[in-house]
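Keep the structure open while reading.

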Amino acid sequence: MAINYHRTSHIFTLDTENTTYQMKVDDYGFLLHLYYGARISGDMDYLLTYFDRGFSGNPADAGTDRTYSMDALPQEYPAMGTGDYRNSALIIHNGDGSDCCDLRYVSHEIRQGKYGLVGLPAVYAGEEEAQTLEILLEDSVSKVQVRLLYGVLEEEDIITRSVKITNLGSEDVIVEKAAGACLDFLAGSYDLISFYGRHVMERSFQRREIAHGSFSIGSRRGASSHQYNPAVIIARRDTTEDTGGCYGMMFVYSGSFLCEAEKDQFDQTRVLMGLQRDLFHYTLERGEVLTVPETVLCYSDEGFAALSNRYHRCIRKHLFRGKYGQAMRPVLLNSWEAFYFDFDGEKICKLAKEAATLGMDMVVMDDGWFGKREDDNSGLGDWQVNEEKLGCSLGELIERINSLGVKFGIWIEPEMISEDSDLYRTHPDWVMRIPGRKPIHARNQLVLDFSRAEVRDHIFKQICGVLDQGNVEYVKWDMNRSISDIYSQERSPGKVAHDYMLGVYEFLENLMERYPNMLIEGCSGGGGRFDAGMMYYTPQIWCSDNTDALDRLKIQYGTSFFYPAASVGAHVSAVPNHQTGRRISLRTRGIVAMAGSGFGYELDPNHMTEREKEQIREQIAKYKRYAPLVFSGDYYRLSSPFDDVYTAWMFVSEDGGRALVSAVMTIQNGNNNMPVSYVRLKGLDRDALYEEPDSGRCYYGSALMEAGLPLPAELGEYLSYQIELNRKL
Ligand code: GLA
């Protein structure tokens with residue numbers, strides 16, 4: 001049993017193969033956190049200490065006992081109003097105007113299988129693969145009930161948490177803040193690793209100490225955002241890629257979020273992950289429930305590499321769904337950087353012809369095919385094919401493309417509307433806007449109120465009307481601005497941001513159900529909604545609008561800490577690169593893009609030389625050989641693009657028999673007078689002999705991992721190397 005409850009000590013123990021999580025219902029009914037970390041045996045309540053702490057309050061139940069204080073004890077789900085002055089996981093505004101919620105244990109249930117969350121993305125597992133613990137807590141005055149949900153995936157070393165808040169009182173309450181998970185640490189010094197960025201430079205790695213005080217990262221943008229990713233690592237200060245303890249908290253949500261880290265007066269650390277509290281005042285009427293999205297927890301005592309690989313496996317096996325959740329993805333050619341808005345049906349067919357001769361599987365017609373859309377100032381919301389522009393119907397276009405042996409994909413941006421559109425002219429009231437104020441524009445577009453069913457239904461019908469015109473095998477779902485003017489004609493403003501996200505999820509679910517064989521690639525100006533929530537619907541996400549190979553090294557490095565290569569959309573684009581002006585060789589661009597299963601091209605091959613086309617053919621053939629390894633292999637970061645002169649990474653098949661090492665020199669100073677870079681490999685079978693098929697050379701796994709491989713000292717900018725290794729039988 002992964003989950004055990006001890007009747008006399010009231011201790012819950014959640015065991016995975018390598019980790020243990022423990023909590024206890026104490027004498028007053030508070031749920032205290034006892035331990036999370038490497039697997040241990042025994043009851044951990046001996047860790048709790050009781051002192052008369054200055055200026056720390058004691059609950060009335062403790063009577064004259066001045067040593068019992070919620071201000072010092074580690075908690076599972078700390079709520080505002082119990083005498084804990086640290087950051088709260090939950091703030092409830094009661095009908096009488098007070099902000100107080102005193103949660104005490106009522107009951108619990110342990111069951112086989114993993115809980116699901118209605119309307120929200122969540123880790124799923126077979127009946128035999130997981131167990132669920134549900135603990136019911138209640139505030140006896142307001143009758144607010146909180147159900148803490150724990151999913152334990154023993155083999156994967158994964159524990160998930162979610163929370164359901166129900167108002168059973170006679171008055172409305174407002175949830176002012178709700179975290180999905182809290183981790184309290186009694187001792188130790190930790191760093192918080194987070195991933196910050198901006199449009200065209202997402203998920204840069206940042207490591208900083210959780211010192212005294214409190215700091216937060218998050219998003220108020222209505223999307224998880226380019227600026228901060230909703231996944232963090234809490235690492236012991238000496239933890240490295242391969243050694244030391246570290247905890248991951250990955251939020252399975254694509255809207256605004258808040259992660260707070262705090263070190264308190266007693267050197268205890270608390271980290272919370274949950275819904276953003278700004279622009280959020282979630283009214284719960286009697287009987288109403290708010291489900292806080294899931295947080296996926298994982299602990300590794302072998303550094304970041306092991307942590308990353310556990311998350312990668314969890315996402316691939318327990319979040320990805322649909323046909324392409326487990327299938328190799330088509331190599332695609334996207335029209336965006338090839339033509340932007342300047343195309344017609346002929347040009348798309350010419351792309352498809354090139355795609356066919358180069359060995360690509362699919363052509364994607366990006367933005368510009370619908371309504372009046374010659375630039376990004378108009379047309380969003382009018383999801384009717386612009387047949388005049390295409391010179392034919394969509395059905396005819398797809399047939400022509402399919403007859404070349406090439407699949408067809410299309411771009412959509414369902415959540416958005418241009419003021420210059422028929423939809424806006426008919427339904428200006430469908431836009432998110434605050435009465436009496438002019439809404440904020442971004443990319444000259446406004447946001448549709450996806451919290452409203454009639455708005456979603458209209459767009460859904462329109463988009464299905466397009467997709468039903470032919471054999472559409474792929475959709476790129478874009479979202480090209482942050483949400484503002486949070487307001488809805490239908491519900492209280494404090495509910496809109498979250499209900500909007502639920503609306504998006506419902507739409508995606510319906511789309512998946514109606515087109516089960518279609519691949520949906522997520523996108524939000526590249527990686528503005530690159531999160532585990534979206535991966536439940538879109539197992540592939542366009543990683544960044546920045547296709548420059550050098551910048552991609554950093555972006556893909558940061559991405560890899562939580563998200564598998566199987567989720568990464570990465571394309572080879574033309575030079576000079578459209579985002580940076582940099583010229584990087586086709587070889588290096590290819591090697592960098594091969595770090596994602598959403599491998600493809602974003603250029604017009606008609607402008608390429610025969611030699612370049614030949615190189616692309618070879619690249620694709622190579623990629624197809626490596627595709628299963630990239631998709632499901634273990635992933636190792638071999639250096640840091642922020643600190644080292646080269647960036648290297650590798651994939652190793654689960655059985656250790658195959659590996660693919662990639663390296664790019666990012667700093668070059670004085671060819672053979674430079675220090676030699678030795679890339680030390682990871683994850684190989686130490687005793688096995690590996691052959692490099694290109695050179696026929698053989699090396700032992702132990703040698704490659706201990707001493708490494710020297711990178712050649714050659715003249716050139718951003719030179720790259722790709723080394724395949726196969727275990728010799
Ligand atoms: C976003 C996407 C791009 C492209 C454009 C189209 O920026 O990230 O890849 O689809 O929109 O407008």
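Arg443 places a polar side-chain atom 2.9 Å from an oxygen atom of the ligand. For Asp367, the distance from a polar side-chain atom to a ligand oxygen is 2.6 Å. Trp542 also has a polar side-chain atom 3.5 Å from an oxygen atom of the ligand. A polar contact here is a pair of N or O atoms within 3.5 Å; within protein, one must be able to donate a hydrogen and the other to accept it, and residues adjacent in sequence count only if both atoms are side-chain atoms.

On its own, the ligand has 300 Å² of accessible area, and the protein covers 96% of that. Areas use the Shrake-Rupley method with a 1.4 Å probe.

## Basis of the model

The model is predicted: local features need pLDDT of at least 70, side-chain atom pairs count only at pLDDT 80 or more, and totals for chains, interfaces and linings use all residues. Numbering runs from 1 along each chain as its sequence is written, and side-chain values use heavy atoms, without hydrogens or water.

## The shell

The ligand is surrounded by 13 residues (a heavy atom within 4 Å). The closest are Asp366, Asp367, Lys476, Asp478 and Asp545. By class, the shell holds 6 charged, 4 nonpolar and 3 polar residues. Asp, Glu, Lys and Arg count as charged; Ala, Val, Leu, Ile, Met, Phe, Trp, Tyr, Cys and Pro as nonpolar; the others, Gly among them, as polar.

## Cysteines

How many disulfides does the whole structure have? The search finds 0; a disulfide needs two cysteine sulfur atoms within 2.5 Å. The closest cysteine sulfur to that of Cys101 is in Cys100, at 7.0 Å, too far for a bond. For Cys182, the closest is in Cys259, at 11 Å, also too far.
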